[in-house]
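Thanks for making the time this morning.

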Amino acid sequence: TNTSTYKRGAFILFEGCDRTGKSTQANKLFEYLQIKGHAVKFWKFPDRTTPIGQTINAYLTNNQELDDKAIHLLFSANRWECMPKMKNLLLGGTTIIVDRYAYSGVSYSASKGLDLNWCRCSDIGLLRPDVIIFMDLSTEESEKRGGFGEERYEKKDFQEIVRKTFALLKEKDDDDSLWKVLDAKQSVERLHEQIVEISLDIIENCSQLPLKEDN
Ligand code: 2DT
Ligand code: MG
């Protein structure tokens with residue numbers, strides 16, 4: 001194969017607490033890249049459409065109780081079941097924009113009191129994103145945005161802990177240059193401009209690199 005013309009897609013991840021604008025920005029980036037003619041797909045975790053995702057949904061909507069470790073492993077399994085498809089898309093040249101991933105998985109579970117390193121184990125070997133766009137917002141600000149919803153975890157005190165746990169994960173990351181921390185208090189347009197710049201750069205620069213696995 002001619003490696004000089006082969007281009008894989010980029011794995012662009014959005015992470016952050018609730019109500020920080022992840023989904024808004026992920027969707028805007030998706031539309032932008034699509035209009036510009038890029039092969040691009042949107043992925044959201046948890047993926048509530050699969051059988052595992054339906055159990056996760058029942059848990060999040062408070063319709064089902066589950067042991068903290070059991071639900072942690074289900075969130076992780078929900079990523080594992082998507083890996084073959086995601087891998088194929090990336091290798092086929094499609095860029096994937098992902099809304100939440102293993103970093104949410106570890107942050108939310110560890111914020112309940114589970115051991116952080118235990119939480120990381122079930123995600124070892126998953127595809128590693130090419131960039132983590134972290135939408136950072138104080139809990140006071142995110143609460144002002146129409147308040148949190150009705151789902152489990154959507155409570156101010158808990159969100160505060162999750163934000164600190166995300167920061168710890170970034171700090172512990174062997175390659176913390178992967179993390180682009182954005183001040184999510186900025187306007188939607190201003191954030192979008194920065195995200196487009198970061199993303200085009202990543203799409204260009206990772207196209208010749210092999211896919212990486214999380215460790
Ligand atoms: P949304 O509000 O974005 O649908 O997320 N969560 C998410 C976890 O606890 N573990 C995970 O692995 C993932 C991906 C974050 C629903 C909630 O699920 C939490 C918020
Ligand atoms: Mg939510």
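Predicted model: local features only at pLDDT ≥ 70, side-chain atom pairs only at ≥ 80, totals over all residues.

Let me begin with strand S1, from which Phe11, Leu13 and Glu15 point one way while Ile12, Phe14 and Gly16 point the other way, every one of them buried.

What does S1, residues 11-16, pair with in the parallel sense over four bridges? The partner is strand S3, residues 95-99, and within S3 the bridge partner of Ile12 is Ile97, while that of Phe14 is Asp99. S1 is also joined to S4 by five bridges, again with the strands running parallel, and here Ile12 stands opposite Val131.

Stepping back to the sheet as a whole, we have an open sheet of five strands, paired in parallel, in the order S2-S3-S1-S4-S5. The edges are taken by strand S2 (40-44) and strand S5 (179-183), and because each has a single partner strand, one side of each is left without a neighbour in the sheet. From one strand to the next the twist averages 20 degrees.

Two helices that pack on this sheet deserve a mention. Helix H1, residues 22-35, touches S1, S2, S3 and strand S4 (131-136), and its direction makes about 165 degrees with that of S3. Helix H9, residues 188-206, lies across S1, S3, S4 and S5, and runs at about 165 degrees to S4.

Now to helix H5, where I would ask how many of its residues are buried. The buried residues of H5, among them Tyr103, Val106 and Tyr108, pack against S1, H3, helix H6 (116-121), S4 and H8. Just after H5, Gly113 takes a positive phi of about 115 degrees.

That helix brings me to the ligand. Which helix gives the most to the shell around ligand 1? It is H5, residues 102-111, with three residues. The residues surrounding ligand 1 are Asp18, Phe45, Pro46, Leu60, Phe75, Arg100, Ser104, Gly105, Tyr108 and Tyr153, and by class this shell has six nonpolar, two polar and two charged residues.

Most residues other than glycine have a negative phi, and most peptide bonds are trans. The peptide bond from Phe45 to Pro46, however, is cis, with omega near 0 degrees, and Pro46 lies in the loop between S2 and helix H2 (51-60). Tyr153, although not a glycine, has a positive phi of about 80 degrees, and its place is in the loop between helix H7 (139-144) and helix H8 (156-172). With 16 other C-beta atoms within 10 Å, Tyr153 counts as partly exposed.

A further residue with a positive phi is Asn62, where the value is near 60 degrees and the residue is again not a glycine. Asn62 is found in the loop between H2 and helix H3 (68-80). Is Asn62 buried or exposed? Asn62 has 10 other C-beta atoms within 10 Å, and it is therefore exposed.

Leaving aside residues up to four places away in sequence, Lys87 touches Leu127 and Leu211. Because Lys87 has 15 C-beta neighbours inside 10 Å, it counts as partly exposed.

UniProt, in an unreviewed entry, lists residues 14-195 as "domain: Thymidylate kinase-like". Over residues 14-195 the chain is 51% helix and 13% strand, and the end C-alpha atoms are 10 Å apart.

Notes:
Residues numbered from 1 in each chain as written. Chains lettered and ligands numbered in written order. Pairing = 2+ DSSP bridges. Axes fitted to C-alpha atoms, helices over the stretch in contact; angles between N-to-C directions. Contact = placed C-beta atoms within 7 Å. Near = placed C-beta within 6 Å. Nonpolar A, V, L, I, M, F, W, Y, C, P; charged D, E, K, R; others polar. UniProt positions renumbered as here; feature names shortened; annotations may be inferred. Buried ≥ 20, exposed ≤ 12 C-beta atoms within 10 Å, placed from the backbone.
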